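Here is a friendly walk through one protein model, meant to be read with the sequence and the 3D view side by side.

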Amino acid sequence: MTVGPELYGFPPPETVPDLRWLGPDYVSVLVYDLTQGLLRQDPRTSVMGVRCEGEPRLAPSVDPAGVIRAHDACFPLQVYVQDGAGRPWRLRGRWTYSGRELGTRAASIQHFWQLLSAEGI
């Protein structure tokens with residue numbers, strides 16, 4: 001049985017209903033997407049922990065009928081990893097989801113990471 005990374009500081013999904021467009025468990029989606037991105041850079045990377053350092057910044061946009069069709073969600077994170085050579089790192093940055101055309105057949109969700117600092121620990 002594999003155990004995932006330790007998770008800290010994420011608001012419970014029921015307290016951020018504006019994140020339902022990411023699915024019922026936004027934290028699992030975020031950690032999976034983040035881990036996959038790190039593994040593309042170094043296939044032997046191991047994510048040890050992820051800490052949400054504050055409330056996510058949410059930015060919905062509505063269409064003329066008042067329906068949310070675009071939404072950005074930005075999470076301030078600390079990510080603890082061990083690189084392929086076995087060195088531990090603390091990465092600080094912002095993970096952002098950008099949803100467009102939500103609720104339509106053309107819906108898309110992109111995500112990206114903005115690295116602010118990387119420290120060997």
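## Ground rules

This is a predicted model, in which local features need pLDDT of at least 70, side-chain atom pairs count only at pLDDT 80 or more, and totals for chains, interfaces and linings use all residues. Numbering starts from 1 along each chain as its sequence is written, and side-chain values use heavy atoms, with hydrogens and water left out.

## Overall fold

The protein has 1 helix and 6 strands, where helices (H or I, at least four residues) and strands (E, at least two) are DSSP runs numbered from the N terminus. Following the sequence, the order is β-α-β-β-β-β-β. Along the principal axes, the C-alpha atoms fill a box of roughly 55 × 35 × 25 Å.

Of the 121 residues, 34% are buried (buried means under 20% relative accessible area, exposed over 50%, and partly exposed in between, using a 1.4 Å probe and protein chains only). Among contacts with a separation of 6 or more, 55% link residues 24 or more positions apart; a contact here means heavy atoms within 4.5 Å.

## Strands around E4

Two strands count as paired if DSSP finds at least two bridges between them. E4 pairs with strand E2 (residues 46-52) in the antiparallel sense over 6 bridges, and Ser46 has Gln82 as its bridge partner in E4. Strand E3 (residues 57-62) also runs antiparallel to E4, joined by 6 bridges, with Ala59 opposite Asp72.

Now look at the turns. The hairpin of E3 and E4 has 5 residues between the strands, and Gly66 there takes a positive phi near 85°. The hairpin of E4 and E5 has 5 residues between its strands, with Gly86 at a positive phi near 90°.

## The largest pocket

The largest pocket holds about 180 Å³ of space. A pocket is found on a 1 Å grid over the protein atoms alone, as an open set of points where a 1.4 Å probe fits, with protein on both sides within 12 Å along at least five of seven lines; lining residues have an atom within 4 Å of a point.

The lining consists of Leu38, Gln41, Asp42, Thr45, Val81, Asp83, Trp89, Leu91, Trp113 and Leu115. Helix H1 (26-41), E5 and strand E6 (108-120) each give two or more residues to this lining.

## Residues to visit

His71 is in strand E4 and counts as buried because its relative accessibility is 1%. Its side chain makes a polar contact of 3.4 Å with that of Trp21 (a pair of N or O atoms within 3.5 Å, one able to donate a hydrogen and the other to accept it; residues adjacent in sequence count only if both atoms are side-chain atoms). Beyond four places in sequence, residues that His71 touches include Asp18, Leu58, Tyr97 and Leu102.

Cys52, in strand E2, is buried at 6% relative accessibility. Cys52 lies 24 residues from Pro76 in sequence, yet their C-alpha atoms are 5.8 Å apart. Glu101 sits in the loop between E5 and E6; this non-glycine residue has a positive phi near 55° and is partly exposed, at 42% relative accessible area.

Definitions and conventions:
Grid points are joined across faces, edges and corners, and a volume is the space filled by probe spheres set on the points.
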